[in-house]
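Dear colleague,

Please find the structure below.

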Amino acid sequence: MDWELLRTSFWPLLSGGLTGTIPLSLASFAIGLALALVVALMRISGQPVLSGIARFYVSVIRGTPLLVQLFVIFYGLPSIGLTIDPWPSAVIAFSLNVAGYAAEILRAAILSVPKGQWEAGHTIGMSRTLTLRRVILPQAARVSVPPLSNTFISLVKDTSLASLILVTELFREAEQIAAFSQQFMLVYLEAAAIYWVFCLVLSSGQSVLEKRLDRYVAR
Amino acid sequence: MLPADPLRPPAAEGPLLQVTDLQKSFGTNRVLSSIDLQIDSGQVVALVGPSGSGKTTVLRCLNGLETPDAGVVAFRGGPSVDFGAKVLKKEALSLRDRSAMVFQNYNLFPHMTVLENIIEGPVQVQKRPRKEAVADAERLLARVGLAEKRDDHPFNLSGGQQQRVGIVRALALQPDLLLFDEPTSALDPELVGEVLAVIKELAEEKWTMVIVTHELAFAREVADEVVFMDGGVVVEHGHPDQVLRRPREERTRRFVQRLLNPF
């Protein structure tokens, strides 16, 4: 076992994670979630055109590989005159992808709130928007934390694909160190361990969040 | 001018609400054929009838939770909405400003405390100062014997307590008209009394109320007028003693008999 390589490669890998993987994940998830809410609301709007667009969007995103989506944006768009840098390309691709999955989660979560809650909001004079914001979404949020956490954890690992469009993140660092040192097993396992730790931290964050949102529910 | 006392109904006399030829179908199912109702300020109207007779739908039309196909709903001082004509959504929804609904299943907001449930409408919708809304809410809570529950979440409360909070949430809006949709139907029998006691007090204070109920004894005690509905029409209406003890119509007689002697 090459302890020296393990030690010297640790900081580049970790910093690739902290400056690449994590910000890429956070940015993509935040934007993707906002977009997902729009898509989910379009889907349940009851307006055929809007819900049709939303359904089509979700279908395309879920029916095509993330890698293909990423390549279309980074390598494909320049051929129609739209060149985007690696980092923003990755954020766009991951956000669009997250939105497709999270939209379905949010839609189900919103629909899981009983109809009586909408009516209670309306009867105290709230508009649809205000009822959604004050009454429905807080309750839907609780339901959607576990599935959204899954989406987020998948995203963290999927960002390794960004290495293929030359974004400097954890996996790209690993590739370079492995190629240079020829110690593929060691370096890739080390990278895997760091991903794993990231995901463990996220999982515990999920538990904290669930507990917090659970306070008002009888157990 | 003194601010309105949240513990007292707005003082007024004469007809508060006039409903004319209210009609509503769900698909091919005609739920309300043609309903006429007049409700005076301070009057308690009990809406009784077999299930499926359309009583709840009437209530929901008054609160804008359903849109009637035709008919006029007119409050004294407005709004007055003619659903037979082209109705703006905003106009129809403005009906809600005059009334507040108490639901069969309470429909409290589970993610908010009791106090937050009550001040949500006054603060978020009516834009009243939070401090004032909280003070009113506390007085109303004390009145229904739930002062110490203000920071609890609904799931910590019994059904009877939840429904009392539901009533307070409606009162906090300072509506002209209180609508009760089978307020005790979801309750265990031993909890019914505490909710009816609150409604009775409100009746004594001259709140204007429409109560959909199966509790005929209660209707006879608190209502000024009983309206018996069946098959989407008002079969008969009048003083409780008349409608419930000496019904003129055969359908009313059969219904009352069935409720008095279920076996």
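In these notes, two residues are in contact if their C-beta atoms, placed from the backbone, lie within 7 Å. Helices (H or I, at least four residues) and strands (E, at least two) are DSSP runs, numbered from the N terminus.

The model is predicted: local features need pLDDT of at least 70, side-chain atom pairs count only at pLDDT 80 or more, and totals for chains, interfaces and linings use all residues. Residues are numbered from 1 along each chain as its sequence is written, while chains are lettered from A and ligands numbered from 1 in the order in which they are written.

Chain A

Chain A contains 8 helices and 0 strands. Its C-alpha atoms fill a box of roughly 70 × 50 × 25 Å along the principal axes. Among contacts in chain A with a separation of 6 or more, 75% come from residues 24 or more positions apart.

The interface

On the side of chain B, 20 residues are in contact with 17 residues of chain A. The elements giving two or more residues to that side of chain B are β6 (99–102) and α3 (114–125) of chain B, and α3(B) gives the most, with 4 residues.

Helix α4 of chain B

Helix α4 (residues 130–143) of chain B has 14 residues and reaches 20 Å from its first C-alpha to its last, close to the 20 Å expected (1.5 Å times one less than the number of residues). Its buried residues are A133(B), D136(B), A137(B), L140(B) and L141(B). Seen down the axis of α4(B), they fall within an arc of 135 degrees, so they line one face of the helix; the arc is that of the directions from the helix axis to the C-beta atoms. The cover over these residues includes α3 and α5 (159–171) of chain B. After α4(B) comes G145(B), with a positive phi near 75 degrees.

The sheet of chain B

An open sheet of 6 strands in chain B has the order β6-β7-β8-β3-β9-β10, with mixed pairing; two strands pair if DSSP finds at least two bridges between them. Its edge strands are β6 and β10 (233–238) of chain B, each pairing on one side only. Strands β7 (residues 177–181) and β8 (residues 209–212) of chain B run parallel and are joined by 4 bridges. F180(B) stands opposite I211(B) in β8(B).

Yours sincerely

Key. A residue is buried if 20 or more other C-beta atoms lie within 10 Å of its own, exposed if 12 or fewer, and partly exposed in between; C-beta atoms are placed from the backbone.
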